[in-house]
Structure formats: C-alpha cells, structure tokens
Amino acid sequence: MTEGKDSVCVFKGSMIDVNYYVERLSEQGIISIIKDDFQSGVHAGVPSGSPDLIELLVDMDNAEKAFECIEGLQDSE
C-alpha cells in the first residue's frame, strides 16, 4: 500500500478467507494488508476482537476494483 493514502476495508472474515482474497487481489495487481486486532491483542497480552473478524484493507484508489474482484469470487463459489 502507498504511504499516506487512505485505506478501505473491502472484506471481513476468517483468516482463511482473507488469505484467499489477498492472493486473488495480488493476481490483479492490488496490494492489500491484513488487520488482525485479535492476534495483535494476543501478542500484547490483552486479547481483543474476534478471530473471525479479520479485516482486508486496500488503498482507496483500488477499492472499487477490489470489491468487484471479491464479489465475483463470492458469486462463483
């Protein structure tokens, strides 16, 4: 992701689903990051959040393309 750009959450779900979408978005040239508040809390000794609510973030500029890609993948399942 580009420094200083706003990011958008394009998906929330399990780590398995998020990792799948990260790979598919990467194939489309879309860089994404994973936000895992639960795992961060575990490492800090203060668990918070839920292990099934991992967020997948992309730059605002790529949000529409990412939403379309994820939606297409969900429709084909």
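## Exercises on charges and contacts

Glu 55 is found in strand 3. Strands are DSSP runs of E with at least two residues, helices are runs of H or I with at least four, and both are numbered from the N terminus. The model is predicted: local features need pLDDT of at least 70, side-chain atom pairs count only at pLDDT 80 or more, and totals for chains, interfaces and linings use all residues. Residues are numbered from 1 along each chain as its sequence is written, and side-chain values use heavy atoms, with hydrogens and water left out.

### Exercise 1: the fold

State how many helices and strands the protein has, and their order.

Solution. 
- Step 1: count the elements. The protein has 3 helices and 3 strands.
- Step 2: read from the N terminus. The elements run β-α-β-α-β-α.
- Step 3: look at the contacts (heavy atoms within 4.5 Å). Among contacts with a separation of 6 or more, 73% join residues 24 or more positions apart.
- Step 4: check burial. Buried means under 20% relative accessible area, exposed over 50%, and partly exposed in between (1.4 Å probe, protein chains only). Of the 77 residues, 30% count as buried.

### Exercise 2: Glu 55

Decide whether Glu 55 is buried or exposed, and list what it contacts.

Solution. 
- Step 1: take the relative accessibility. Glu 55 has 17%, so it counts as buried.
- Step 2: set aside neighbours within four places in sequence. Glu 55 is then in contact with Cys 9, Phe 11, Lys 12, Ile 33, Ile 34 and Lys 35.

### Exercise 3: salt bridges

Find the salt bridges and say where their partners sit.

Solution. 
- Step 1: apply the cut-off. A side-chain nitrogen of Lys or Arg must lie within 4 Å of a carboxyl oxygen of Asp or Glu. The structure holds 2 such bridges.
- Step 2: take the pair with Glu 55. Lys 12 bridges to Glu 55, with the closest N and O atoms 3.9 Å apart. Lys 12 lies in strand 1 (residues 7–13) and Glu 55 in strand 3 (residues 54–59), so the pair ties together parts 43 residues apart in sequence.
- Step 3: take the other pair. Glu 27 bridges to Arg 24, with the closest N and O atoms 2.9 Å apart. Both are in helix 1 (residues 15–27), and because they are 3 residues apart, about one helical turn separates them.
- Step 4: check Glu 27. Its relative accessible area is 55%, so Glu 27 is exposed.

### Exercise 4: the negative patch

Which residues gather in the patch of negative charge on the surface?

Solution. 
- Step 1: list the members. They are Asp 17, Glu 64, Glu 68, Glu 71, Asp 75 and Glu 77. Patch residues have over 30% relative accessible area and no salt bridge, and like charges are joined within 9 Å.
- Step 2: assign the members to elements. Helix 3 (residues 63–75) gives the largest share, 4 residues. Asp 17 has its place in helix 1.
- Step 3: check Asp 17. It is partly exposed, at 35% relative accessible area.

### Exercise 5: two more residues

Solution. 
- Step 1: At 37% relative accessibility, Gln 74 is partly exposed.
- Step 2: not counting residues up to four places away in sequence, Gln 74 touches Phe 11 and Tyr 21.
- Step 3: At 53% relative accessibility, Ile 31 is exposed.
- Step 4: the C-alpha atoms of Ile 31 and Asn 62 are separated by 8.5 Å, though the residues are 31 apart along the chain.

Technical notes
Patch = residues over 30% accessible without salt bridge, like charges linked within 9 Å, V, L, I, M, F, W, Y side chains within 5 Å. Areas by Shrake-Rupley, 256 points an atom, 1.4 Å probe, with all protein chains shown as cover. Lys, Arg positive; Asp, Glu negative; His and termini not counted. Charge placed at Lys NZ, Arg CZ, Asp CG, Glu CD.
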